[in-house]
Amino acid sequence: MKYFIAFVLVAGLCALAQAQEQSCQVDVQSACGQSANALMAFFSGESGVANCNARYAAIGHLEHKMQDYIHLQLKKSYEYLLMATHFNSYQMNRPGFQKLYQGLSDRAFDDTIALIKQVTRRGGSVDFSKPHQQGVAQPPEVHLNELESLARALDNEKELTNGAIHVHTSATHGTTDNRIHDPEMAHYLQENFLSKQAASVRTLSGYANDLSKLVSVREPALSVYLFDEYLQKQ
Amino acid sequence: MYSHSALCERERPTTKRLKVFCSTQAPTVCIHIAKARKAEELRKIPNINNNNKRNPKNKMMKFCASFCLLTVLAAINMAQADNLQCNIKSNAAFRGWPDMKEPCIRSMREQIQKEINASMQYLAMAAYFSNDTVNRPGFAEHFFKAAKEEREHGAKLIEYLSMRGELTHTVKDLIKVSPVKVKNWTGLSALEDAFKLETEVTKSIRDLIKTCEGNSKKADDNDYHLVDYLTGVYLEEQLTGQRELAGKITTLEKMMSSQGELGEFLFDKNM
């Protein structure tokens, strides 16, 4: 009987603790040992100030998508680095193309850091301890000719754009599990990624079309040389 | 679960289209020729029956067949002229160059991967210290910077190999992005891990130097220039970096031993 009463008491306290709104202030009060909250916190197995976090809105289901996007950026950054290296070899010797891809690689790496900062600004975290499907896909083909490399880069840029759009869609419509909106995350992606991506997609598609016209002649070596010189000046 | 790869399969036609465009149209040509031949053979069948009659129809048929063949060939020619010339070949030849030795190249490639791994490790640390519940922006910024630096070290080594005439056909598997160890660091433990990592990198550069010095008595496999570059630029940077980290560690350790959490808080804000 004694045990039963104790059990009911504990169960009741736990239920009360659950019902209580989980907020930073409640956590602080219990952590500081004020009122009945301390007892509740003890029974519900919570301690510290776990609710004093920066999480709100849709960060819960955006976190993983942002993590995917971060890994994608990182992978593309190294892919671009290898493309730049390919054009830096004495056999290719295209400093303009090298500059283009080195620039894209640096940009993707800076974006990786910016995205980590954004996720953690919103109380999320980024995990680098697990092998990631976006990060360890089969090594990319980097031994491409000039036009093929532009095509590849354009496809890459579209993939990166779609990654941003995917997170943006979840932030605005909450299409999957719930319908929580996250205007801050949506705004961040629009401002810092979507417009920039639109510009780089357009630039690369322009390059690809220019160069494909230039190589439609019988002996295109000079055309490609001049196009590379043009890229150096960009 | 959304899959980037699935999406890109759907929306990634440019590369493939260009590949088809750029490749020689050999298969199509074959089909054309095969068709023309078949047509010719079909036209020949009635000719066998009427062989002795030698009617004008026979001549007409022959003419028609050859005309068809000519049209097809002309069409093929046109198609080839439309084809893009995407690959530009070079026949340049160099004697005795590139001249780097195989073991040295292999060690350089390993070193590049190590620099990239170090960069990933620092990125993970930076991400950890950026967490709202950890909140050590000074440490986070420090490790973001370190991650960038390590990546640049890797890139510079890659550039060096290109300068020496390497990396012409072996770029593809140069870099792998792999997962790293993640802990619940404190400021001090992170700096200590960083110091350990830098020590490992320093040791691995020393080994690399040894490999590239070669072991022949006449020193004809000694890669003087690379050895000098690694010693003068990379070891220099490693050693000053280690000294800087060691200084930070002792300062933080002193502050922590007397003031605990306040020590780390102040150290972070002044980093």
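1. A crossing is called left-handed if the near helix is turned anticlockwise from the far one by less than a right angle, and right-handed if it is turned clockwise. In this predicted model, H7(B) passes H8(B) in a left-handed crossing.

2. Helix H7 (residues 187-213) of chain B packs against helix H8 (residues 224-259) of chain B at an angle of about 160°, and their axes are 9 Å apart. Angles over 145 degrees count as roughly antiparallel, and H7(B) and H8(B) are therefore roughly antiparallel to each other. By class, the contact of H7(B) with H8(B) comprises 19 nonpolar, seven polar and five charged residues.

3. H5(A) and H5(B) pack with their axes 9 Å apart, at an angle of about 25°. Since angles under 35 degrees count as roughly parallel, H5(A) and H5(B) are therefore roughly parallel to each other. The crossing of H5(A) past H5(B) is right-handed. On H5(A), the contact is made by Ile116(A), Lys117(A) and Thr120(A), and on H5(B) by Ala126(B), Ala127(B) and Ser130(B). These residues divide into three nonpolar, two polar and one charged.

4. How many residues does each chain give to the contact between chain A and chain B? Chain A gives 54 residues and chain B gives 46 residues. On the side of chain B that touches chain A, the elements giving two or more residues are helix H1 (4-10), helix H2 (13-22), helix H5 (102-130) and helix H6 (137-163) of chain B. By class, that side of chain B has 23 nonpolar, 14 polar and nine charged residues.

5. Turning to the fold of chain A, its secondary structure comes to eight helices and zero strands, and along the sequence it reads α-α-α-α-α-α-α-α. Of the 234 residues in chain A, 41% are buried. Among contacts in chain A between residues at least 6 apart in sequence, 73% join residues at least 24 apart.

6. The average pLDDT of chain A is 86, and 80% of the residues score at least 70. Within chain A, confidence is highest in helix H5 (residues 95-121) of chain A, at a mean of 97, and lowest in helix H3 (residues 37-43) of chain A, at 53. The helix with the highest confidence in chain A, H5(A), is the one that packs with H5(B) in point 3.

Definitions and conventions
Residues numbered from 1 in each chain as written. Chains lettered and ligands numbered in written order. Predicted model: local features only at pLDDT ≥ 70, side-chain atom pairs only at ≥ 80, totals over all residues. Contact = placed C-beta atoms within 7 Å. Helix = DSSP H or I, 4+ residues; strand = E, 2+ residues; numbered from the N terminus. Nonpolar A, V, L, I, M, F, W, Y, C, P; charged D, E, K, R; others polar. pLDDT = per-residue confidence, 0-100. Axes fitted to C-alpha atoms, helices over the stretch in contact; angles between N-to-C directions. Parallel < 35°, antiparallel > 145°, perpendicular 65-115°, else oblique. Buried ≥ 20, exposed ≤ 12 C-beta atoms within 10 Å, placed from the backbone.
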